Amino acid sequence: MHLHSCRKRIVISVASVLLLLLAMVWMLKGSIFTGSHNKVEQDIKKIVATSSGQSGKAHALIQTFAFDEAVQRADQVAEVQITGLLREINEPMEQTLLTAEVITSIKGNLKGNIHILQDGNSRMQFNDFPLLQPEQTYILILKKAESVPEPNAYWILGSETGIFQTIEDNVTIKWAKGDSQLRVAEVDKTKLKWNKAVTSVKEELGDSISQYLQTDKLIELVKQADREGGRYDEKE
């Protein structure tokens, strides 16, 4: 009886994993025909978060792009300063709506005050990344958000992989997933050893930091990718 019970539990576990994978494949297949990348990304995160059984944190699959493709798919790329937290969202997935002021529009024509929709909130943190912080500045790769009623609202394409935190001394930190296209803009990390601003960000993000970049070179690479656009800049 004990052996039979163990085999039964193994079969059930394998079946659960297969069902999860099939659900992900089905949604990704659907996105090819509908182009609803934001929706499928939300659905995948919801499944992974629910299946993990974890409280407060979830490791979620996200749809990512190479740097040039992300820029060309984006509606806007801008350097912004976060000014506050407007509200939290719990359905269909955990998100936070932040307010921000545009410092520089790099692609597009953003100016003034906008809203930023970020994955995660006080109830759920995705992939161990924190929320964008008030008074901090970031270069964000953005798509127009249709899921909230607030005007000038944008979600971050590629989630944490589309976040570049700008700090002092012409240094920007790419939060996640290093990109070979950005190597020409990389900073010698040994020169940042005693930089207090860099140390502060490292304490918050830990080992998640993927690249240290020169801000002016990163901005030029965004503009270059935008000039070369056409392959990926369709509206989704």
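Here are the questions and answers, starting with the whole chain and moving on to single residues.

User: How many helices and strands does the chain have?
Analyst: Keep in mind that this is a predicted model. The chain has 236 residues, and 47% of them count as buried. As for secondary structure, the count is 5 helices and 10 strands.

User: What share of the contacts with a separation of 6 or more comes from residues 24 or more positions apart?
Analyst: Contact here means heavy atoms within 4.5 Å. Taking the contacts in the chain with a separation of 6 or more, residues 24 or more positions apart account for 68%.

User: How much of the accessible surface belongs to carbon and sulfur atoms?
Analyst: Start from the total for the chain, which is about 12800 Å². Of that surface, the part belonging to carbon and sulfur atoms is 54%.

User: Is the ring pair of F67 and F164 stacked or edge-to-face?
Analyst: The structure holds 3 aromatic pairs. In the pair of F67 and F164, the ring centres are 6.5 Å apart and the planes meet at 80°. Planes over 60 degrees apart count as edge-to-face. With its 80°, the pair is therefore edge-to-face.

User: How many residues apart in sequence are the parts that F67 and F164 tie together?
Analyst: F67 sits in helix α3 (residues 67-73), while F164 belongs to strand β8 (residues 163-167). F67 is buried at 6% relative accessibility, and F164 is buried too, with a relative accessible area of 1%.

User: Which residues does the ring cluster with Y138 link?
Analyst: Y138 and W175 form an edge-to-face pair, at 6.1 Å centre to centre and 85° between the planes. Y138 is in strand β6 (residues 137-144), and W175 is in the loop between β9 (171-174) and α4 (196-205), 37 residues apart. Both Y138 and W175 are buried. Ring pairs link these two and one further residue into a cluster, made up of Y138, W175 and F129.

User: Over the face of which residue does K144 lie?
Analyst: For a Lys, a charge sits over a ring if NZ is within 6 Å of the ring centre and within 35 degrees of the ring normal. K144 is 5.1 Å from the ring centre, and the ring it covers is that of Y154.

User: Which side chain makes a polar contact with the side chain of S159?
Analyst: S159 is placed in the loop between β7 (153-156) and β8. S159 counts as buried, at 8% relative accessibility. Its phi is positive, about 55°, although S159 is not a glycine. The side-chain contact is 3.0 Å, and the partner is E160.

User: Is K177 buried or partly exposed?
Analyst: K177 lies in the loop between β9 and α4, and it has a positive phi of about 55° without being a glycine. Buried means under 20% relative accessible area, and exposed over 50%. K177 comes to 48%, so it counts as partly exposed.

User: What is omega for the peptide bond from E91 to P92?
Analyst: Most peptide bonds are trans. P92 is found in the loop between β2 (76-89) and β3 (95-107). The bond from E91 to P92 is cis, with omega near 5°.

Conventions. Residues are numbered from 1 along each chain as its sequence is written. This is a predicted model: local features need pLDDT of at least 70, side-chain atom pairs count only at pLDDT 80 or more; totals for chains, interfaces and linings use all residues. Side-chain values use heavy atoms; hydrogens and water are left out. Helices (H or I, at least four residues) and strands (E, at least two) are DSSP runs, numbered from the N terminus. Buried means under 20% relative accessible area, exposed over 50%, partly exposed in between (1.4 Å probe, protein chains only). Accessible areas come from the Shrake-Rupley method with a 1.4 Å probe; for residues, only the protein chains shown count as cover. Rings of Phe, Tyr and Trp (its six-membered ring) pair if their centres lie within 6.5 Å; planes under 30 degrees apart count as stacked, over 60 as edge-to-face and the rest as tilted. A polar contact is a pair of N or O atoms within 3.5 Å; within protein, one must be able to donate a hydrogen and the other to accept it, and residues adjacent in sequence count only if both atoms are side-chain atoms.
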